[in-house]
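Please look at the sequence and the structure shown here before reading on. The report that comes after them is written for a reader who is new to this structure.

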Amino acid sequence: MQKYKFSNPASVVAVSISPLNKDPQNPLKIYDCSCHLFRRRTGLHKMYHVTAATPSQAARKAVEMFRKDYGAE
């Protein structure tokens with residue numbers, strides 16, 4: 001699992017490869033991304049399934065979705 005920190009709002013995204021990822025030949029993978037606000041373990045937590053080539057791309061996509069849901073945009 002890899003973690004990425006973003007600002008506005010300060011949020012953390014934990015990225016891991018999803019068990020839904022079945023095709024090893026496909027360059028795009030399915031990632032499970034868990035987003036929450038930085039230093040708030042008991043707040044808004046969202047889980048997203050994101051298709052991307054790398055974990056960092058998946059984290060960026062997940063934080064965009066999180067910002068839309070959270071209302072920070």
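## Basis of the report

This is a predicted model, in which local features need pLDDT of at least 70 and side-chain atom pairs count only at pLDDT 80 or more, while totals for chains, interfaces and linings use all residues. Residues are numbered from 1 along each chain as its sequence is written, and side-chain values use heavy atoms, with hydrogens and water left out.

## The chain as a whole

The protein chain has 1 helix and 4 strands, where helices (H or I, at least four residues) and strands (E, at least two) are DSSP runs numbered from the N terminus. Read from the N terminus on, the elements follow the order β-β-β-β-α.

Of the 73 residues, 32% count as buried, a term that means under 20% relative accessible area, with exposed meaning over 50% and partly exposed in between (1.4 Å probe, protein chains only). The chain exposes about 5000 Å², of which carbon and sulfur atoms supply 51%; such areas come from the Shrake-Rupley method with a 1.4 Å probe, and for residues only the protein chains shown count as cover.

## Sheet and helix

The 4 strands form an open sheet in the order E1-E2-E3-E4, with antiparallel pairing; two strands pair if DSSP finds at least two bridges between them. Strand E1 (2–6) and strand E4 (45–52) stand at the edges with a single partner strand each, so one side of each is left without a neighbour in the sheet. Neighbouring strands of this sheet are turned by 25 degrees against each other on average, direction ignored.

E1 and E2 pair in the antiparallel sense over 5 bridges, and the bridge partner of lysine 5 in E2 is valine 12. Helix H1 (residues 55–70) packs on the sheet, touching E1, E2, E3 and E4, and its direction makes about 135 degrees with that of E4. Axes here are lines fitted to C-alpha atoms, for helices over the stretch in contact, and angles run from 0 to 180 degrees between N-to-C directions.

Serine 11 lies in strand E2 and counts as buried because its relative accessibility is 1%. Leaving aside neighbours within four places in sequence, serine 11 is in contact (heavy atoms within 4.5 Å) with residues including Phe6, Phe38, Val63 and Phe66.

Serine 18 is found in the loop between strand E2 (11–17) and strand E3 (29–37), and counts as buried because its relative accessibility is 4%. With neighbours within four places in sequence left aside, serine 18 is in contact with Ile30, Tyr31, Asp32 and His49. The side chain of serine 18 makes a polar contact with the side chain of aspartate 32 (3.3 Å); a polar contact is a pair of N or O atoms within 3.5 Å, where within protein one must be able to donate a hydrogen and the other to accept it, and residues adjacent in sequence count only if both atoms are side-chain atoms.
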